[in-house]
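Please read it beside the sequence and the model.

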Amino acid sequence: MISFDFSLLQPSFGGGNSGGVNPVTALRLAEANRTKSIAATARRPEVAREIAAFRAAVARGPDVEALLKDTRALKVLLTANGLGDQADYPALAKKALMSDPADPASLANRLGDRRWKAVAQTYDFSSGGLAVLRKPEVLDRLADAYAEITWRRSLDETTPGLSDALTFREQAKDVSNATQILGNSVLRRVVTTTLGLPSQIAYQSLDTQEWAITSRLDVSRLQDKGFVDKFTQRYLFAAAAANPTASGGSGDLFELVGRARGLVV
């Protein structure tokens, strides 16, 4: 089992991103200002327009198919449900979301990405049409989620990995095994990056991937808030080292990351 001296990742220098704030400080500021920042993002003209357009499309759409053909509406729906990276594949999105999640042969079940099934189940498009989506409370939650994810994306522009770091800190306590880590794109990214595992690990068998994680990480320690804090900090510095342009290219930062990676006890 590999462990790291996380104390090395508590720098006092000002580098770490283009704004002159190191990644750990950026994380603390993001958490402290989260509610106000999301509200401010929702008020931004372009975000407000996108949310308004989505609400209008839901209200006037004759059916699910028509709604999902509306690229602006689809973008908001996918983004708010954590599928924003799939917005460039509207045909796939339409077929997956309209398929029956209760049918083992449906596209939502056949796709390796479990997010499709989760969203298809949530909105029940295959049997309920737009009924769930038209509920005022559901529309409000979607609008809030879209604003939050837009805010999170803006964080990554100056501090690489900050959005993932926030999510990891929120979800780590619910993780009890390596399978859960591998089945969640954010948890997978944070853990494999922090442990220095190559992206090619995804081509290995599930057992091999799980072993790669559990041989380096005692998953039960993710229940320890202090450990999660330190693990998250190390991820942020690893993400910064992989994105020197965004992180400001601090030589001190890269030296700290290199030293931390080399410690084995």
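1. Helices H10 and H11 are oblique to each other, since angles under 35 degrees count as roughly parallel, over 145 as roughly antiparallel, 65 to 115 as roughly perpendicular and the rest as oblique. H10 spans residues 136-158 and H11 residues 162-171, and the two pack at about 125 degrees with their axes 7 Å apart. Axes here are lines fitted to C-alpha atoms, for helices over the stretch in contact, and angles run from 0 to 180 degrees between N-to-C directions. On the H10 side the contact holds Trp 151, Arg 152, Leu 155 and Asp 156, which meet Leu 162, Ser 163, Leu 166, Thr 167 and Glu 170 of H11; contact means heavy atoms within 4.5 Å. By class, four of the residues of this contact are nonpolar, two polar and three charged, where Ala, Val, Leu, Ile, Met, Phe, Trp, Tyr, Cys and Pro count as nonpolar, Asp, Glu, Lys and Arg as charged, and the others, Gly among them, as polar.

2. On the basis of the note: this is a predicted model, in which local features need pLDDT of at least 70 and side-chain atom pairs count only at pLDDT 80 or more, while totals for chains, interfaces and linings use all residues. Residues are numbered from 1 along each chain as its sequence is written, and side-chain values use heavy atoms, with hydrogens and water left out.

3. The chain has 17 helices and zero strands; helices (H or I, at least four residues) and strands (E, at least two) are DSSP runs, numbered from the N terminus. Of the 265 residues in the chain, 42% are buried, that is, under 20% relative accessible area, with exposed set at over 50% and partly exposed in between (1.4 Å probe, protein chains only). Among contacts between residues at least 6 apart in sequence, 62% join residues at least 24 apart.

4. H11 also packs with H13, at an angle of about 105 degrees and with the axes 9 Å apart. H11 is therefore roughly perpendicular to H13. Asp 164, Thr 167, Phe 168 and Gln 171 of H11 meet Val 186, Leu 187, Arg 189, Val 190 and Val 191 of H13. This contact has five nonpolar, two polar and two charged residues.

5. Val 191, in H13, is buried, with a relative accessible area of 0%. Beyond its neighbours within four places in sequence, Val 191 is in contact with Phe 168, Ile 181, Ile 213, Leu 217 and Phe 231. Its C-alpha atom is 7.7 Å from that of Ile 181, ten residues apart in sequence.

6. Ala 30 belongs to helix H1 (residues 23-32) and counts as buried at 7% relative accessibility. Leaving aside neighbours within four places in sequence, Ala 30 is in contact with Trp 151, Leu 155, Leu 162 and Leu 166. The C-alpha atoms of Ala 30 and Arg 152 are separated by 9.1 Å, although these residues are 122 apart along the chain.

7. Glu 148, found in H10, counts as buried at 18% relative accessibility.

8. The largest pocket has a volume of about 1,100 Å³. A pocket is an open set of points on a 1 Å grid over the protein atoms alone, where a 1.4 Å probe fits, with protein on both sides within 12 Å along at least five of seven lines; lining residues have an atom within 4 Å of a point. Grid points are joined across faces, edges and corners, and a volume is the space filled by probe spheres set on the points. The lining has 32 residues, and Gly 82, Arg 115, Asn 184, Ser 185 and Val 186 lie nearest the centre. H8 (115-123), H10, H11, H12 (178-182), H13 (185-195) and H14 (206-214) each supply at least two lining residues. By class, the lining has seven nonpolar, 13 polar and twelve charged residues.

9. Asp 124 lies in the loop between H8 and helix H9 (125-128). Its phi is near 50 degrees, a positive value in a residue other than glycine. Asp 124 is partly exposed, with a relative accessible area of 31%.
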